[in-house]
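Open the model in your viewer, keep a selection panel at hand, and follow the stops below in the order in which they are given.

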Amino acid sequence: SGSTSLAEVAGPGNALLVEPERLESLAHAMQQMLDDAALRATLAGRGIERARTFRWEAVAGRVRAALD
């Protein structure tokens with residue numbers, strides 16, 4: 001969804017994004033995840049990698065670099 005910050009947090013291609021006001025969109029994304037084991041595995045792996053960019057050490061390094 002372009003209406004929240006979740007797309008930025010997830011990163012490009014790392015999540016199925018839905019429009020929060022559209023129940024059909026959410027249902028479709030949920031069905032995709034239920035039906036597609038490869039998609040689930042891919043997004044799970046990407047999510048773990050993306051989460052590493054938010055570790056304190058990684059964030060602190062970027063803040064320090066910006067301040068230097």
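Predicted model: local features only at pLDDT ≥ 70, side-chain atom pairs only at ≥ 80, totals over all residues.

Residues are numbered from 1 along each chain as its sequence is written, and side-chain values use heavy atoms, with hydrogens and water left out.

**The α2 and α3 pair**

Select residues 23-35, helix α2, together with residues 37-52, helix α3, which pack at an angle of about 100 degrees with their axes 5 Å apart. That makes α2 roughly perpendicular to α3, a term that covers angles of 65 to 115 degrees. Axes here are lines fitted to C-alpha atoms, for helices over the stretch in contact, and angles run from 0 to 180 degrees between N-to-C directions. Helices are DSSP runs (H or I, at least four residues), numbered from the N terminus.

Now show the side chains where the two helices meet: Gln 32, Met 33, Leu 34 and Asp 35 belong to α2, and they meet Ala 37, Leu 39, Arg 40 and Leu 43 of α3. Contact means heavy atoms within 4.5 Å. By class, this contact of α2 with α3 has five nonpolar, one polar and two charged residues, where Ala, Val, Leu, Ile, Met, Phe, Trp, Tyr, Cys and Pro count as nonpolar, Asp, Glu, Lys and Arg as charged, and the others, Gly among them, as polar.

Stay with α3 and look at its start, where a side-chain oxygen of Asp 36 comes to within 3.1 Å of the backbone nitrogen of Ala 38. The end C-alpha atoms of α3 are 23 Å apart, which agrees with the 22 Å that its 16 residues should span at 1.5 Å a residue; the expected span is 1.5 Å times one less than the number of residues.

**The loop between α1 and α2**

Next, select Leu 16, which is placed in the loop between α1 and α2. Leu 16 counts as partly exposed at 32% relative accessibility (buried is under 20% relative accessible area, exposed over 50%, partly exposed in between, with a 1.4 Å probe and protein chains only). Not counting residues up to four places away in sequence, Leu 16 touches Ala 29, Gln 32, Met 33, Leu 39 and Leu 43.

**Ser 25 in α2**

Return to helix α2 and pick Ser 25, which is buried with a relative accessible area of 16%. Beyond its neighbours within four places in sequence, Ser 25 is in contact with Val 18 and Glu 19.

**Helix α4**

Finally, select residues 56-67, helix α4, whose 12 residues reach 16 Å from first C-alpha to last, close to the 16 Å expected at 1.5 Å a residue. This helix is hardly covered, as the count of buried residues among the 12 in α4 is zero. Within α4, centre on Ala 58, which counts as partly exposed at 24% relative accessibility and touches Arg 52 and Thr 53, not counting residues up to four places away in sequence. A C-alpha to C-alpha distance drawn from Ala 58 to His 28 gives 35 Å in space, for a pair 30 residues apart in sequence.

Notes: Parallel < 35°, antiparallel > 145°, perpendicular 65-115°, else oblique. Polar contact = N/O pair within 3.5 Å; in protein donor to acceptor, adjacent residues only side chain to side chain.
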